[in-house]
Amino acid sequence: MSANLTFDISRNPNPMPPAERQKALEHLGFGTLFSDHMAIIEWDAATGWHSARVAARRPFEIDPAAAVLHYGQEIFEGMKAYRNGEGQLVLFRPEENARRFNASAERMAMPPIPEALFLEAVEQLVRVDADWVPAGEGASLYLRPFMFASEAFLGVRPSQKYIFSVIACPVGPYFSGGAKPITVWVTEDYSRAARGGTGAAKCGGNYAASLAAQARAYEEGCAQVVFLDAAEQKWIEELGGMNIFFVFDDNRIVTPELGTILPGITRQSLLTLAREEGLEVSERPYAFADWKADSESGRLREVFACGTAAVVASIGEAKFEGGSLRMGNGAIGPVTERLHHKLTGIQRGTEADTHGWVRVV
Ligand code: PLP
Ligand code: COI
C-alpha cells in the first residue's frame, strides 16, 4: 500500500512575505531559519505508511508518553538542495540518504520507509518550498528527514507508531568562521560509539551523547570534537558531525575505516574523487599517537573534516588535554582545496557529473 501513496499538498495560508524571505536569505547561518512547509507521513503497525502530505510547518502534537520522549527512538538524515547555474534545483546522491535512513531504521528497530517514498517526500517539499532554495555561493536548502516513535506506551519495546517528516532550512556556512580552518578538540574522556553500538546509525542519541564533549570543546575554543575509539581510546574515529581525512607528504590519504563511524556520503564521494585524482587512498585505523608523530615529523600535510552540513572543512589545529598540534601553516592545504572545489563543482553543476550523483528535482 505504501509504495503508491499520494501526497496531499496544502499550501501554507500565511507564508513569510517574499520581501522578508528575500532579506532573510541574504544573511544565512546554519539551522535557525526554516521554510514555510513540512512533509509528513505516518506509520502504524496495522496500516503501514499512510497520510502522506505536505502542509504548513507547525509544531507536532504528541502524547507526553510518546516513546521518543522517554527512550529516544529517533533517526534522521541530512541532505541539501542546490540551485545550479541553470536555475535547476538539484539534490546530491539522495538515494544514498534514503538507503542510510533505512539502515539507521533497522538498527533502531523502526520500520523501513520505501526509498521511493522517502525521495518523493523530500522532492515534494523542495518543489513547494522552491523559493526558499538560496542561490548564493555556499548557500543551499538543508533538508532534514527524520522519524520518531509516537506511540504512547512506557514499556521498553519498539513503538507501534511513527511519524516521518522532512523540514527544510536555508543555510550558509556551518561554521561561523566560514571557510577558515577550524580548531578541533580531541577528547580522551568521552566515547561516541562502541562495537555493537549505534555509531553507524544516524540516531539522535549519538548526538545527545556527544554534547558534553562538544560543550568542553567550545570551552577550549574548538569548533568540533574528535572522538577516539571506545575500546582502546587510541584510534581516530570521527568528529561529532563529520568524518575525517589525513593527507600525507607523498600524496597518500588516510581515513578511518567504517564500523563504528557514520558512513558519510561526502566521505564516500571524496574517496572516489581522490582516487580519480590519482591519490592513494586507504581506509584504515589511524592512531592519535601517529597523528602527533606525523605532525611533528612533517609527514602529515593536511587534515580535513567532511559532511553534508560542513562540506569540506580544513582542520588548522587540534587541541587535547595538555597540548596541541598545528597543521601546516594554518592555511587550507592544496589537496583539501582541490577536493572541495571538485565536489562543490559537481553539486553546483560547474563540473561534469560523471557518476550520476546529481538528481534534478
Ligand atoms: N559523521 C557524523 C557523526 C555526522 O553526523 C555526519 C553528518 O551527516 C557525517 C559523519 C557526514 O556524513 P554525510 O557526509 O553523509 O553528511
Ligand atoms: C549533516 O552534515 O548533515 C549532519 O547531520 C551533521 C550535523 C552536525 C548538522
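By class, how many nonpolar, polar and charged residues does the shell around ligand 1 have? I'll take that first. There are three nonpolar, seven polar and two charged residues. Here Ala, Val, Leu, Ile, Met, Phe, Trp, Tyr, Cys and Pro count as nonpolar, Asp, Glu, Lys and Arg as charged, and the others, Gly among them, as polar.

A word on the model. It is predicted, so local features need pLDDT of at least 70 and side-chain atom pairs count only at pLDDT 80 or more, while totals for chains, interfaces and linings use all residues. Residues are numbered from 1 along each chain as its sequence is written, and chains are lettered from A and ligands numbered from 1 in the order in which they are written.

Back to ligand 1. Residues around it, meaning those with a C-beta atom, placed from the backbone, within 6 Å, include Glu 238, Asn 243 and Arg 267. Helix H6, residues 265-276, gives the largest share of that shell, three residues.

Next, ligand 2. Around it are Gly 78, Gly 241, Gly 307, Thr 308 and Ala 309. That shell has one nonpolar residue, four polar and no charged ones.

Now the whole chain. It has eight helices and 18 strands, taken as DSSP runs numbered from the N terminus (helices H or I, at least four residues; strands E, at least two). The C-alpha trace spans about 60 × 50 × 35 Å along its principal axes. Of the 361 residues, 43% count as buried, that is, with 20 or more other C-beta atoms, placed from the backbone, within 10 Å of their own.

How values were computed
A residue is buried if 20 or more other C-beta atoms lie within 10 Å of its own, exposed if 12 or fewer, and partly exposed in between; C-beta atoms are placed from the backbone.
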